[in-house]
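Please read the following walk through the structure alongside the sequence and the model.

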Amino acid sequence: MYISIEKVSKAFTLKDKSTLTVLDKVDLYIKEGESICLLGPSGCGKSTLLNLIAGFDTPSTGTIKIDGDTVTQPSIDRIVIFQNYGLLPWRNVIKNVELGLEAKKLKRKERRRIAEEYIKLVGLSDYKKHHPPQLSGGMQQRVALARALAVEPKILLMDEPFGALDAMTRMHMQDEIERIWQEKKKTIIFVTHDIEEAVFLADRIVIMTPSPGRVKTIIEVPLPRKRDKTSLDFLKIKDKVFTEFNLK
């Protein structure tokens, strides 16, 4: 498997010296190019697992391997997109998208060419000279997505990136992720609380137990893309996920 998560646990030491186990013996295997959604209640360790895959932290026990190599630190091959966008307000759109490319030591002309390509991909060519405070929340998230894609990561890790958006903008951003996934075929691991969002985006939905987080069940979503949220097959899978999610 492209991503191999084996017997991964994560515990934190609290101020009173007690131990809080957030993840407990998680096993998960992900194919290259898959779109996976992690679904579970607050505190089940979804974001912690994402941070471990990103290399921001290390497991207390177990191993995470990507393409056979153990994850020990962050890599430009794995980019995380957070809910808060993380844009630099003093940089305009094109300069924000160029940020990761600067770390790759590319020449200015090449940086600009790549940045403009991905700004066009997310539909913001008319706003490339705007600064983040001049943009809506959905537009800022598209800038964050363009910045992530511009460095050509192999894996996109998305931590509830649409959680702060209104319902209509959220649906539009789901369409954007779907379209870009179809074009670029990146491996995507997407954390969400939203069952409908998970069914719309995922090849497989990984449902996690309440704390400590474990893999409770994995549900395949064998629906053609682009998915119709009103179709009977979509609603049947949504009901199945809802039932599993709420079973004790």
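**Helix packing and backbone geometry**

Helices α5 and α6 are roughly parallel to each other, where an angle under 35 degrees counts as roughly parallel, over 145 as roughly antiparallel, 65 to 115 as roughly perpendicular and the rest as oblique. Helices here are DSSP runs of H or I with at least four residues, strands are runs of E with at least two, and both are numbered from the N terminus. This is a predicted model, in which local features need pLDDT of at least 70 and side-chain atom pairs count only at pLDDT 80 or more, while totals for chains, interfaces and linings use all residues. Residues are numbered from 1 along each chain as its sequence is written, and side-chain values use heavy atoms, with hydrogens and water left out.

Two packed helices are described by the angle between their axes and the distance between the axes. For α5 and α6 (residues 167–184), the axes cross at roughly 20 degrees and come within 10 Å. Axes are lines fitted to C-alpha atoms, for helices over the stretch in contact, and angles run from 0 to 180 degrees between N-to-C directions. On the α5 side the contact (heavy atoms within 4.5 Å) uses Gly138, Gln141, Arg142, Leu145 and Leu149, which meet Thr169, His172, Met173, Glu176, Ile177 and Ile180 of α6. By class, this contact of α5 with α6 has five nonpolar, four polar and two charged residues. Ala, Val, Leu, Ile, Met, Phe, Trp, Tyr, Cys and Pro count as nonpolar, Asp, Glu, Lys and Arg as charged, and the others, Gly among them, as polar.

Helix α5 (residues 137–150) also packs with α4 (residues 108–121), at an angle of about 135 degrees and with the axes 9 Å apart. The pair α4 and α5 is therefore oblique, and its crossing is right-handed. Ile114, Tyr118, Ile119 and Leu121 of α4 make the contact with Ala146, Leu149 and Ala150 of α5. The residues of the contact of α4 with α5 divide into seven nonpolar, no polar and no charged.

Helix α1 (residues 46–54) is largely enclosed by the rest of the structure, because seven of its nine residues are buried. Buried means under 20% relative accessible area, exposed over 50%, and partly exposed in between, with a 1.4 Å probe and protein chains only. The buried residues of α1 are Lys46, Thr48, Leu49, Leu50, Leu52, Ile53 and Ala54. Glycine 55 follows α1 and has a positive phi, near 90 degrees.

A disulfide is a pair of cysteine sulfur atoms within 2.5 Å, and the count by this rule is zero. Cysteine 37 is in no disulfide, and the nearest cysteine sulfur, that of cysteine 44, is 13 Å away. Cysteine 37 is buried at 0% relative accessibility, and cysteine 44 is buried at 0% as well.

Most residues other than glycine have a negative phi, and most peptide bonds are trans. Lysine 7, in strand β1 (residues 3–13), has a positive phi of about 50 degrees. Aspartate 67 has a phi near 55 degrees and lies in the loop between β4 (61–66) and β5 (69–70). Lysine 7 is partly exposed at 47%, and aspartate 67 is exposed at 55%. A cis peptide bond joins serine 211 and proline 212, with omega about -5 degrees.

Terms used: A crossing is left-handed if the near helix is turned anticlockwise from the far one by less than a right angle, and right-handed if clockwise.
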